[in-house]
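Thanks for coming. I will go through one protein, starting with its overall build and then a few backbone details.

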Amino acid sequence: MLMNKLFLCICLFVINAFLLSATCNKQKTPNRLPGDVTRMEIEMSETGAPVKNIFSDINVWDLKDYWTNHAAGRPADFFRENFPFVRHIQLMTATGGNAARDLFIDPSDRSRMTDYNFNPLITACRNVVRQGLKPMIKTGAVPEKFCSRPHIGFFGVNVRPPDDYEVYYRYIKALAEALKQHFGLDELRSWSWGVLTEYENKDWFAAENDDPEATKIAYFKLYDYTVAALQDVIGASDLRVGAHSMTTVDGLWNELEFIDHAAKGTNYKTRQQGTQLNFLCSSFYESTPGKKSSRAMSATEVIEALRNRAVQNGLTHLQFGIDEGRILTGPEDDKRDLWSRVVGFSFQGASDARLFRQMNDAGADWFSSWSLLTGGLWEGIPLVSTHVANLAYKMTGERRLNRINVQHDPAQPAQELNAIASLNTSSNTAHILLYNYNADMLSSGVKNMVITLKNAGDIWGKKVRVKQWIVDDDHANFWPAWWADMKQRGLDKTAFSWSMYSTDLPRNLLHAADKDYWESKASHYKELSRLNATEYITGIKNNHLLLETPVKVHGVVMYEIVGIP
């Protein structure tokens, strides 16, 4: 009898503990979602390749502006504190092309070919390194005084090849020597080099009369002589060098033939077979938000085309990236160039989260950005694209959870609900980057999501801490408020120097009064852009973990789950 009573007491204790646990758990988790839901299942027991830090690069058009004047006096931890995902600064057209870029004491004096002045580039690189970052120096364009008949192209730089490639070789070698002397060889070995921008684009590089064959050969020579100069200073084993093509659309000549040359062609400088090549990169732009040109390849198609040609040539060790891109112009009601190639609408956040997943799917290594704040890189308000990059960075190096099943809505084919997920077994932490993408930038709506993490742990009732960030029209985005204020003020596209959808404010505004109006509201916009997190405790049940959240169209949700067994 005593044993029966004792057994009964134990049973009652266990039942009460269960009820208490369930009550506590219900209090600590968010309210259940009403109505129809869309379901997503993530398998936790199978992991794949590490997630890459895709948004690691920033491309800079004017190094003298951004990395000399603006960078001076900034805290040395500015990038580490604000943009920890950034690793490389790509200094475009860094070694010449016009009087402002040619690295000479007197760029117009053709009687002196060696009056080098590398100080502007050295200063920019010093500021990059001071931030704990690594420069990628994009050599080119060819200095004007190296050409008897220079020609300034669409981008404001000389597009002609040099008259004498040996003269150009000595110029690049002298630059590398100057950098080595200033920074030391060990530091220089950690940098990267690219030879020109969009090498098959005639607006960047072209022989006389835009001759395709002559231009192709001229680029092969320029690449070979540049690489030889760098090897002679840095050493081939410590040099990282590559080339940036256009690829997404047709150029003056077939850019894939360069890969053939680098692998098996005759080197124009050394006369040996092949040329060092460590990476290949390209550009990728949508023509307007959510729409690419009918002739254009997607970002993943570009990566695939470059990789396939490289593999055909036995080049299986290369890295692949996108060195510039996103969106060229505003939508049809505006159709003018976007200054930093992004928009401020929440669409950009979902688009970038989707891009992050796609680039990891493709095995790509980076996608370079133009800007991070309304003021560029050093001042202003964070953009939704910057928030997404910071969130995605949390997944870097974690093992990918590849098996994700999503219940798709056939009635809304333009809508893409998807995610990329990862697991860190050392810290028992999982991340999920969820997005609700729609190609229509101005579309609206909401989806109630139920996410099930299967095989999340066989410890019944195990508690985990869930942290959640949201980026959408109501979270971490000032743009809807600015857009409403802009309309209220009566501003249309005539009030802006570039597309009115450009995020570069207030510098994109033409009139001083409008700039003053922006400044009067800037502190409010900055507060609206703040990226905040919510936290709660929940439990694993029946080896599954359940997460529920509404996700707006163009919304992005990041989960961090700590305590996965």
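Helices (H or I, at least four residues) and strands (E, at least two) are DSSP runs here, numbered from the N terminus. On that basis the protein has 13 helices and 18 strands. This is a predicted model, where local features need pLDDT of at least 70, side-chain atom pairs count only at pLDDT 80 or more, and totals for chains, interfaces and linings use all residues. Residues are numbered from 1 along each chain as its sequence is written, and side-chain values use heavy atoms, with hydrogens and water left out.

Now the overall dimensions. The C-alpha atoms fill a box of roughly 110 × 60 × 45 Å along the principal axes.

Buried means under 20% relative accessible area, exposed over 50%, and partly exposed in between, with a 1.4 Å probe and protein chains only. Of the 565 residues, 55% are buried.

Next, the backbone. Two peptide bonds to point out are cis: Gly140 to Ala141, with omega near -5°, and Leu505 to Pro506, with omega near 5°. Ala141 sits in the loop between β4 (134-139) and α5 (165-183); Pro506 is in the loop between α12 (479-489) and α13 (512-528).

Which residue other than glycine has a positive phi near 105°? That is Arg326, in strand β8 (residues 319-327). Arg326 counts as buried because its relative accessibility is 7%. Asn209, also not a glycine, has a positive phi of about 65°, but at 72% relative accessibility Asn209 counts as exposed.
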